[in-house]
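Hi there,

Here is the structure I promised to pass along. Have a look first, and then read on for what I found in it.

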Amino acid sequence: MKLALKLAYRNLMGAGLRTWLNVIVLSFSFVIIIWLKGVMTGWDHQAKTDMTNWEIGGGQYWHSTYDPFDPFTITDSHAPIPDELKKREEAGEIVPMLLVQGAIFPEGRMMPVTIRGVNPSQNILHLPVKELITNDGTIAAIIGSQMAKVSQLKEGDYVTLRWRDANGTFDATDVLICHVFSTNVPSVDLGQIYIPLSTLQEFALLPGEATLITLKNAEESATEYPGWVYKSKEELTRQVDEMIKTKSAGQTVIYAILLLLAMLAIFDTQVLSIFRRQREIGTYVALGYTRQQVVGLFTVEGSMNALLAALLSAAYGIPFLAWQAKAGWTMPIDTSEFGMAIAQTLYPVYSLGLVAGTVAIITITTAIVSYLPSRKIAKMNPTDALRGKLQ
Amino acid sequence: MESSNTIIIKGLYKRFPVGKGEFTALSDINLNFAQGEFTGLIGPSGSGKTTLLNILGSLDVPSEGEALVLGNSIGKLTTHEAANLRKVSLGFIFQSYNLLAVHTVYENVEFPLLLLKLSATERHKMVMDALEWVGLTDKIKSKPPQLSGGQCQRVAIARAMVKKPSLVLADEPTANLDAANSHHILKTMETLNRELKTTFVFATHDDKVISYLRRKVYLLDGRIDKVEVIHPNS
């Protein structure tokens with residue numbers, strides 16, 4: 001083994017540029033596979049993080065009749081905020097939100113929306129609701145960029161907002177679109193319009209009431225309030241987790257395809273290299289090498305190739321991957337029309353398992369694809385090998 | 001008498017499958033080579049000289065008969081035993097040198113010693129001795145592509161001789177060399193043969209080589225045609 005290591009090292013170093021070309025190409029495989037898998041994992045993480053930051057915080061209390069998948073439940077899903085939670089609102093620990101079904105009329109077209117009342121001074125969710133604060137009595141509203149696109153509204157536009165109050169009476173007013181925000185969470189963007197909580201409570205004749213109460217931090221043992229149901233963060237992100245699981249299967253396929261491509265490249269290189277070196281193999285045999293030793297030498301050489309590639313990958317890959325994790329990868333084209341929640345900038349996330357697994361898989365694969373052709377060629381008659389006679 | 005022979009060949013045949021039939025490359029070869037001989041298998045292409053050399057080098061096996069090399073019956077050796085015989089007792093010199101192109105001259109010559117698991121100090125001394133025999137101590141860091149054909153063959157001789165084997169098998173060692181280089185190489189081998197008592201067996205049809213041989217075994221169509229012995233005084 002020591003001899004095989006020594007000779008393999010000599011062979012690799014002696015081959016100079018040929019070795020380094022192989023190593024560079026192989027190191028690209030390492031880095032690209034890890035980076036791509038990191039981007040996909042980062043995408044998953046981002047979906048969950050964004051959902052937490054923009055929508056669910058550390059958990060929520062829902063009005064007992066509220067069902068986000070049934071818009072008809074919204075009309076009756078409101079109740080006074082429990083006194084204890086009101087105190088926590090003052091401490092900035094919760095943010096209540098009132099949901100009312102309504103419609104807007106951009107350019108005369110009717111468009112159903114969910115009107116969300118949010119306290120402009122809240123700091124828990126990333127919603128830029130501070131923009132809702134006006135001093136001139138204008139009723140300000142904010143919408144997401146997708147909503148703006150669909151409704152063809154832009155900052156500075158006025159749009160008529162219509163709603164039904166608690167008595168079932170329709171009412172309407174013009175609101176100013178004071179800000180269009182960008183988010184990756186479709187459920188806080190499409191079909192949603194945000195106005196100050198107090199304004200919506202006044203419009204809907206529901207003073208001091210809310211539909212949802214979002215907590216800043218996760219509660220270990222949530223207090224039960226009559227008429228309210230506590231939903232933990234885990235419960236609220238379960239769907240995202242399920243989606244990630246489903247995506248993971250697809251990602252594993254992509255990961256496997258990339259590995260397969262890398263493996264094919266390594267296999268081709270090794271086969272070409274080994275079959276070109278038949279005469280050398282014959283010489284090893286003539287000088288006293290056994291077939292097993294020849295196979296061992298080429299397998300060690302292939303594995304050493306992979307290890308060198310791993311070292312080279314570490315040299316430029318670690319800074320590159322770390323920089324990518326920090327700066328993110330900005331998609332070269334607009335992602336808003338992809339039809340799925342994807343950030344314009346994706347931040348790759350790497351795990352030790354991903355890095356170690358990829359390095360291990362490629363190294364083992366290289367060893368295998370070095371072993372297979374060398375085993376075949378070592379079975380050759382040494383006299384044919386010495387003449388470099390192609391099989 | 002037989003015990004002093006390095007090689008004993010008795011009734012040796014070598015047949016190769018060709019299509020559905022067989023081609024007989026060697027027929028009824030009976031030969032002995034004594035220790036320290038400087039001898040050659042001479043004949044035109046296809047006469048069977050390389051085939052016989054390969055069998056003597058335990059790179060191939062006889063189809064029939066026996067070839068005893070340093071007391072080892074080639075046909076009965078396992079692959080490990082054959083490899084061990086080549087590793088310890090045989091040296092090869094090839095027509096196209098068969099040097100390891102990515103290794104330096106020093107590393108090429110050192111290679112057989114690595115297999116023998118000698119210490120670095122021993123290896124260094126033996127490599128430098130071998131390179132001194134062939135006059136290449138100034139080229140230890142060069143790689144084969146940087147050397148001339150004659151220099152490459154001298155490296156190959158140093159590699160074959162470095163472990164001081166009992167038997168060196170040289171297959172057309174001067175085929176790629178000009179006259180001056182050929183004579184230089186042959187003189188080197190002759191000196192080593194005389195000083196180290198190593199048995200040299202050549203396979204050749206080159207007149208330059210033939211002129212140096214002290215025994216000439218002529219092969220024709222796989223059979224021994226005639227054997228000539230050159231007496232030292234002639």
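To start with the polar side of things, six residue pairs are in polar contact between chain A and chain B, both partners being at pLDDT 80 or more. Please keep in mind that this is a predicted model. On the chain A side, helices H1 (2–15), H8 (278–286) and H11 (382–387) each supply at least two of the residues that touch chain B. The largest share comes from H1(A), with seven residues. Sorted by class, that side of chain A has ten nonpolar, eight polar and four charged residues.

There are also two salt bridges between the chains. One of them pairs A:Arg10 with B:Glu110, with the closest N and O atoms 2.6 Å apart.

As for the overall extent, the contact takes 22 residues from chain A and 24 residues from chain B. Together the two chains bury about 2,200 Å², 63% of it on carbon and sulfur atoms. In chain A, the residues that lose the most area to chain B are A:Arg10, A:Ala286 and A:Leu287, together 29% of what that side buries.

One residue in chain B may also interest you. B:Gln153 sits in helix H5 (residues 149–161) of chain B. With a relative accessible area of 0%, B:Gln153 counts as buried. Its side chain reaches the backbone oxygen of B:Phe94 at 3.0 Å. Leaving aside neighbours within four places in sequence, B:Gln153 is in contact with residues including B:Ile93, B:Tyr97, B:Pro173 and B:Leu177.

Best wishes

Conventions
Residues numbered from 1 in each chain as written. Chains lettered and ligands numbered in written order. Predicted model: local features only at pLDDT ≥ 70, side-chain atom pairs only at ≥ 80, totals over all residues. Heavy atoms only, no water. Contact = heavy atoms within 4.5 Å. Buried area = accessible area lost by both parts, 1.4 Å probe. Salt bridge = Lys/Arg side-chain N within 4 Å of Asp/Glu carboxyl O. Polar contact = N/O pair within 3.5 Å; in protein donor to acceptor, adjacent residues only side chain to side chain. Helix = DSSP H or I, 4+ residues; strand = E, 2+ residues; numbered from the N terminus. Nonpolar A, V, L, I, M, F, W, Y, C, P; charged D, E, K, R; others polar. Buried < 20%, exposed > 50% of the residue type's maximum accessible area, 1.4 Å probe, protein only.
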